[in-house]
Amino acid sequence: MDPGFLLLQLLNGLQFAMLLFLLAVGLSVVLGMMNFINLAHGTLYMVGAFVGFAAAERAGSFWAALAAGPAAAAALGAVFYGALLRHMQRAGAMKQVLVTFGLIFVGIDAVRLIWGDYAKTLLAPSALAGSVHILGQVYPAYRLFIIALGLALALVLYLGLERTRLGAVVRAGVDDRVMAASLGLDVERAFFAVFCLGCALAGLAGVAASPVLEIYPGMDMAILIPTLIVVVVGGPGRLAGAFFGALLIGMAETFGAVFIPDFSSFMIYAVMSLVLLLRPQGLLPARHSP
Amino acid sequence: MSAELLRLEQVHATYGDGDVLQAVSLAAASGRVLSLLGRNGAGKTTVLKTIMGILAPRAGRIRFAGDDIAGAPPHRIARAGLGYVPDTRGVFPSLSVLENLTVAARPGAMAGGSDWSLERVFALFPRLYERRHGSGGRLSGGEQQMLAIARALLTNPLLLLLDEPTEGLAPIVIDDVERVLRQLKSTGLAILLVEQNLAFALAFADEVAVLGKGQVRWSGTPAEFARAEDVKRRWLGL
């Protein structure tokens with residue numbers, strides 16, 4: 001096996017993993033904290049991509065997309081939350097799944113209505129349009145940018161969770177929501193902040209993915225299942241779970257497609273089944289007090 | 001006579017299926033220790049959960065420090081000046097001991113409340129200071145109890161709700177909890193204590209209330225309780 005080829009696949013896997021991480025982290029923490037499942041999380045990813053595309057067209061710059069996409073996703077998330085999700089927290093998993101699943105189709109049709117049916121492309125910024133040489137291999141600079149972006153945000157989120165007051169409130173809420181509230185902590189408000197941040201990260205993932213993947217109505221469906229698998233494999237409620245879950249699934253998807261193409265569509269499910277057989281709570285589940 | 005702090009009037013609450021509390025009326029005064037006694041399943045824990053807003057009362061009024069708190073969310077009730085130490089202790093395992101203490105700390109004494117700082121809490125619980133950088137999940141049962149009490153104190157409550165603080169602890173640790181509660185009482189902190197351990201509950205009580213089948217069946221002073229043989233027999237099985 002050619003080591004250079006392996007390196008390229010490793011980078012591809014890492015790049016896909018970082019996109020999955022940005023998508024999964026908000027979903028995972030919200031699920032761990034409030035036992036709330038938002039299937040329309042992918043919609044924020046799609047909206048981020050489309051709004052980013054529109055902003056880049058108008059401003060003539062990719063960087064405008066990188067600012068506008070996450071902002072639009074966070075704003076839409078806040079509206080989602082206020083209008084619908086806030087009232088559904090005690091509604092039970094089945095109703096949450098049905099309502100947020102319905103939102104997926106509303107989202108796809110709304111995007112289709114505004115931007116039409118055709119796929120769009122967002123070009124990578126000129127500064128990142130070229131390629132770089134790594135260990136004798138040629139690799140697109142933009143893909144390295146996605147990797148760096150994911151790693152940097154993972155670090156920032158880690159520090160935010162471990163070193164800030166909001167982070168401590170979030171961890172306390174994931175551990176024991178009722179106890180946290182009984183000490184006077186406004187878990188609801190922390191949840192809202194985390195939810196909006198998670199939506200912004202999904203929107204960011206949508207923009208970041210745009211120069212690599214296509215922008216089209218329904219792109220959210222393509223990414224939703226791998227994202228949910230990352231959440232389940234990592235164990236809901238933990239940043240590290242989302243990160244390592246994303247690495248595992250990103251690599252499984254990439255290397256599966258290269259080495260056993262006949263089984264590639266099956267690969268991430270096989271990995272998920274294996275992980276859940278060995279560790280039913282996921283790789284790194286939130287610890288709950290007894 | 002000290003000022004009234006908490007009053008439950010005809011409070012009903014449901015937990016799972018069936019009425020657990022039926023018309024519970026109870027009062028606690030500032031600077032006093034009220035011990036709430038009763039058999040397993042009498043509804044003692046439910047009383048505390050209902051006061052904290054974890055369970056919404058189905059009917060009745062709960063007044064605390066002049067405000068009607070029935071139906072308010074737990075974080076507002078806590079901020080009104082109630083410190084809660086549940087029987088499960090509720091230590092956050094993902095947080096260090098220090099973070100467990102600081103995450104909910106509300107500095108500054110409220111009118112009539114105490115003024116607890118980290119230094120004061122560590123002076124009361126030297127063991128927590130030694131373990132401050134360790135994970136909350138790695139503490140022994142006794143240490144968890146200490147942490148839960150210390151954490152509630154740092155919210156500077158007017159009234160401390162303690163649910164079975166001696167449950168599952170070794171006798172030597174129970175002595176330690178007793179020492180701490182004596183000190184707390186001497187600072188003038190009002191305490192509502194739920195206990196199965198009768199000797200422990202009576203050691204501090206200024207008032208005693210006996211709960212049976214979801215209602216307050218008797219209340220009085222510890223001295224009166226000592227003579228109330230039929231109450232002990234009927235509602236506590238002694």
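**View 1. The contact between chain A and chain B in the predicted model.** In this predicted model, 18 residues of chain A are in contact with 23 residues of chain B. On the side of chain A that touches chain B, the elements giving two or more residues are helix 6 and helix 7 (177–182) of chain A, and helix 6 of chain A gives the most, with 6 residues. By class, the residues of this side of chain A divide into 10 nonpolar, 3 polar and 5 charged.

**View 2. The crossing of helix 6 and helix 8 of chain A.** The axes of helix 6 (residues 165–175) and helix 8 (residues 187–209) of chain A come within 10 Å and cross at roughly 110°, which makes helix 6 of chain A roughly perpendicular to helix 8 of chain A. Leu166(A), Val169(A), Val170(A) and Gly173(A) in helix 6 of chain A meet, in helix 8 of chain A, Val187(A), Ala190(A), Phe191(A), Ala193(A) and Val194(A). This contact between helix 6 and helix 8 of chain A has 8 nonpolar residues and 1 polar residue, with no charged residues.

**View 3. The fold of chain B, with its helices and strands.** Chain B has 10 helices and 10 strands, and its radius of gyration of 17 Å is close to the 18 Å that the globule rule gives for 238 residues, so chain B is as compact as a globular protein of that length. The C-alpha trace of chain B spans about 50 × 40 × 35 Å along its principal axes, and 47% of the 238 residues of chain B count as buried. Among the contacts in chain B between residues at least 6 apart in sequence, 69% join residues at least 24 apart.

How values were computed
Residues numbered from 1 in each chain as written. Chains lettered and ligands numbered in written order. Predicted model: local features only at pLDDT ≥ 70, side-chain atom pairs only at ≥ 80, totals over all residues. Axes fitted to C-alpha atoms, helices over the stretch in contact; angles between N-to-C directions. Helix = DSSP H or I, 4+ residues; strand = E, 2+ residues; numbered from the N terminus. Parallel < 35°, antiparallel > 145°, perpendicular 65-115°, else oblique. Contact = placed C-beta atoms within 7 Å. Nonpolar A, V, L, I, M, F, W, Y, C, P; charged D, E, K, R; others polar. Rg over C-alpha atoms; globule rule 2.2 N^0.38 Å. Buried ≥ 20, exposed ≤ 12 C-beta atoms within 10 Å, placed from the backbone.
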